[in-house]
Amino acid sequence: MPDTSLDLTLDAATLTARLVDFPSVSGTEKPLADAIETALRALPHLTVHRYGNNVIARTDLGRAERVILAGHIDTVPIADNVPSRLDDGVLWGCGTCDMKSGVAVQLRIAATVPAPNRDLTFVFYDNEEVEAERNGLRHVAAAHPEWLEGDFAVLLEPSDGEVEGGCQGTLRVLLKTTGERAHSARGWMGSNAIHAAAPILARLASYEPRRPVIDGLEYREGLNAVRIGGGVAGNVIPDECVVTVNFRYAPDRTEEEAIAHVHEVFADCGVTEFVVDDHSGGALPGLSHPAAAAFIEAVGGTPRPKYGWTDVSRFSALGIPAVNYGPGNPHLAHKRDERVETAKILAGEERLRNWLTA
């Protein structure tokens, strides 16, 4: 473990390296949350709240608009890629892209913009990379919704320095097939549940996902098997098999419509039990909202769709328009060779500062 303090006078790229060197796999974020809380409480222009391993800091300047800058502080499991490593302007390590670089930008704005042109709320939350029921932003919204009041939110998820609108929903279902156990030497005496899963796999292989265009952004849906389990022993015909399917769906579908669609796809595939294992709805782009339009004009670039799920969805559910905007390349998230260009971290910080001080 590195020095457990955070120096917010460091530039955003160097601060990213410090954050990466705090191993903070989902469920182990407390040391990092402690360091963030301590650093923010030293800033007299902020009021700081703590709920679990979630830290919220707010200005209270009476501005006409309040903007939320939010980011999760956890990472996926480390893959021999911590501590961080700087090589010719590229910072390597777990979380560099998703999303310690975005968190570093949040912290730098918190430290260096004491009198913004909009009131600011900074949200640092835990357990984003795991199932929805553990999500820290979800817990804060339930326990202290007043801390999340605002007119517009920027989620500093990796977007390669471009605005990404909305997010797709994610639905994980367990499709079970059943059979009858028997000795494998006399397989005709039983019924093989793994073989019974073949129609499910065939349907997945032939599935043609939609590519709907919403507010000028083309989203790409996907329906994929992500796990399959079955079998009792090397000499037993299995009586149960479970195929885990993940549906990534465009934000023009409701959660109910997404479940109904998956039911329809596998309706005649011999599924004996259909279980929703995890589900988080999507969020429409909302780029025509005045606050979003003003933000896009300020930071520049051409908006793109967010294919993955992010907590833009949670802000949307709270009635707060939100976009994704962070320095990391989303295609590098969760990879063993995860990395971020330091120049993009510094540019992202500068663009946000200009927007908040113009």
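## Close-up views of the predicted model

**View A. Burial of helix H1.** In helix H1, the residues Ala12, Ala13, Leu15, Thr16, Ala17, Leu19 and Val20 are buried, where buried means under 20% relative accessible area, exposed means over 50% and partly exposed lies in between, computed with a 1.4 Å probe on protein chains only. The model is a predicted one, in which local features need pLDDT of at least 70 and side-chain atom pairs count only at pLDDT 80 or more, whereas totals for chains, interfaces and linings use all residues. Residues are numbered from 1 along each chain as its sequence is written, and side-chain values use heavy atoms, with hydrogens and water left out. Because seven of the nine residues of H1 are buried, this helix is largely enclosed by the rest of the structure. Its buried residues pack against helix H2 (30-41), S5, H3 and H10, with contact taken as heavy atoms within 4.5 Å. Helices (H or I, at least four residues) and strands (E, at least two) are DSSP runs, numbered from the N terminus.

**View B. The crossing of H1 and H10.** Helix H1 (residues 12-20) packs with helix H10 (residues 342-357) at an angle of about 115°, and their axes are 8 Å apart; axes are lines fitted to C-alpha atoms, for helices over the stretch in contact, and angles run from 0 to 180 degrees between N-to-C directions. H1 is therefore roughly perpendicular to H10, on a scale where angles under 35 degrees count as roughly parallel, over 145 as roughly antiparallel, 65 to 115 as roughly perpendicular and the rest as oblique. From the H1 side, Ala12, Ala13 and Thr16 meet Thr342, Ile345, Leu346 and Glu349 of H10. The residues of this contact divide into four nonpolar, two polar and one charged, with Ala, Val, Leu, Ile, Met, Phe, Trp, Tyr, Cys and Pro counted as nonpolar, Asp, Glu, Lys and Arg as charged, and the others, Gly among them, as polar.

View D. Four strands, in the order S13-S15-S9-S16, form an open sheet with antiparallel pairing. Strand S13 (222-230) and strand S16 (273-280) are the edge strands, each pairing on one side only. On average, and with direction ignored, neighbouring strands of this sheet are turned by 20° against each other. Strand S9 (residues 169-178) runs antiparallel to S16 and is joined to S16 by seven bridges, and Leu174 has Val275 in S16 as its bridge partner. Helix H6 (residues 198-206) packs on the sheet in contact with S9, S13 and strand S15 (240-249), its direction making about 155° with that of S13. Helix H7 (residues 255-265) also packs on the sheet, touching S9, S13, S15 and S16, and its direction makes about 145° with that of S16.

**View E. The annotated span 169-267.** UniProt, in an unreviewed entry, lists residues 169-267 as "domain: Peptidase M20 dimerisation"; its positions are given in the numbering used here, feature names are shortened, and annotations may be inferred rather than shown by experiment. The end C-alpha atoms of residues 169-267 lie 21 Å apart, and the span is 24% helix and 37% strand.

View F. Val82 and Pro83 are joined by a cis peptide bond with omega of about 10°, and Pro83 lies in the loop between strand S3 (66-72) and strand S4 (85-87). Another cis peptide bond, with omega of about -10°, joins Asp98 and Met99, and Met99 lies in helix H3 (residues 96-112). Asp88, in the loop between S4 and strand S5 (90-92), has a positive phi near 50° although this residue is not glycine, and Asp88 is exposed at a relative accessible area of 76%. Asp160, also a residue other than glycine, has a positive phi near 60° and is found in the loop between strand S7 (152-155) and strand S8 (164-165). Asp160 is partly exposed, with a relative accessible area of 22%.

Terms used. Two strands pair if DSSP finds at least two bridges between them.
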